[in-house]
Amino acid sequence: MQLRPDDLLLVVDIQLDFCPGGALAVTDGDSIIPPINQLATRFQHVVLTQDWHPADHLSFASQHPGHQPYDTIETSYGPQTLWPDHCVQGSPGAQFHPALDIPNPSLILRKGIHREVDSYSAFYENDHQTPTGLADWVRDRGIQRIFVAGLALDFCVRYTAADGAGCGFKVLVIEDACRPVNLPGSLDATHKQFRSLGLKPVSTAEVLSTN
Ligand SMILES: [Zn+2]
């Protein structure tokens, strides 16, 4: 595999709340930061996403009396998993992890900014209708291949990869540069969806060995 100047590295949600010690910590979430820093040096286009919720966001269990984190509720757009309060706009936990060393990203995309709808995907909010604008941004630059890494594999990376493929881009998930939340069944469902979409994982070593 040869990297091309128009390839994009999409780095999902490397934020303090998703790393050990954070409000919605992903096991070993910070362990993928060094390889991501290394990967980013090989790409001319790097996009960072940042989960960025209002304090009363609908995805927070605290907004639904009687519910606990990881319960599922029905919303106007379908089922929604409830989470601990996390990545509140402007809070310390919403900041990028300080070890993330990508000095010049092409774009920082904030998602989940609307109170009434969550956004796992970097392309569409969870109603699967409201675009974030990323697809047009990618198309305008003539980008065709998107390499995805980050947190968490079975939620924001999963839906970003699936929507990217749905938008017609060639998506390659760098799976060893991702970590899952690992709710019951979530990782299996992710791999099943990737297989059904024909998304083959690549490794950090494969990508770094390309040039
Ligand atoms: Zn969130």
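The largest nonpolar core in this predicted model holds 60 residues, and L9, I36, L134, I146 and F147 are the ones that touch the most other members.

The top contributor is β7, with six residues. As a general point, nonpolar side chains in soluble globular proteins tend to be buried together.

Take L134 as a way in: leaving aside residues up to four places away in sequence, L134 touches L10, V47, L107, L109, A122 and F123.

Five strands line up as β5-β2-β1-β6-β7, forming an open sheet with parallel pairing. The edges belong to β5 (107-111) and β7; each has a single partner strand, so one side of each lacks a neighbour in the sheet. On average, neighbouring strands are turned by 20° against each other, direction ignored. Between β2 and β5, the parallel pairing runs over five bridges. Helix α3 packs on the sheet, where α3 touches β1, β5, β6 and β7, and its direction makes about 170° with that of β7.

What coordinates the zinc ion? The donors are D51 (OD), H53 (NE2) and H86 (NE2), at 2.0 to 2.1 Å. Along the chain, their spacing reads D-x1-H-x32-H. Both D51 and H53 are buried.

How values were computed
Residues numbered from 1 in each chain as written. Predicted model: local features only at pLDDT ≥ 70, side-chain atom pairs only at ≥ 80, totals over all residues. Heavy atoms only, no water. Core = buried A, V, L, I, M, F, W, Y, C linked by side-chain atoms within 4.5 Å. Buried < 20%, exposed > 50% of the residue type's maximum accessible area, 1.4 Å probe, protein only. Helix = DSSP H or I, 4+ residues; strand = E, 2+ residues; numbered from the N terminus. Contact = heavy atoms within 4.5 Å. Donors = N, O, S within 2.8 Å, 3.2 Å for Na, K, Ca; no water. Pairing = 2+ DSSP bridges. Axes fitted to C-alpha atoms, helices over the stretch in contact; angles between N-to-C directions.
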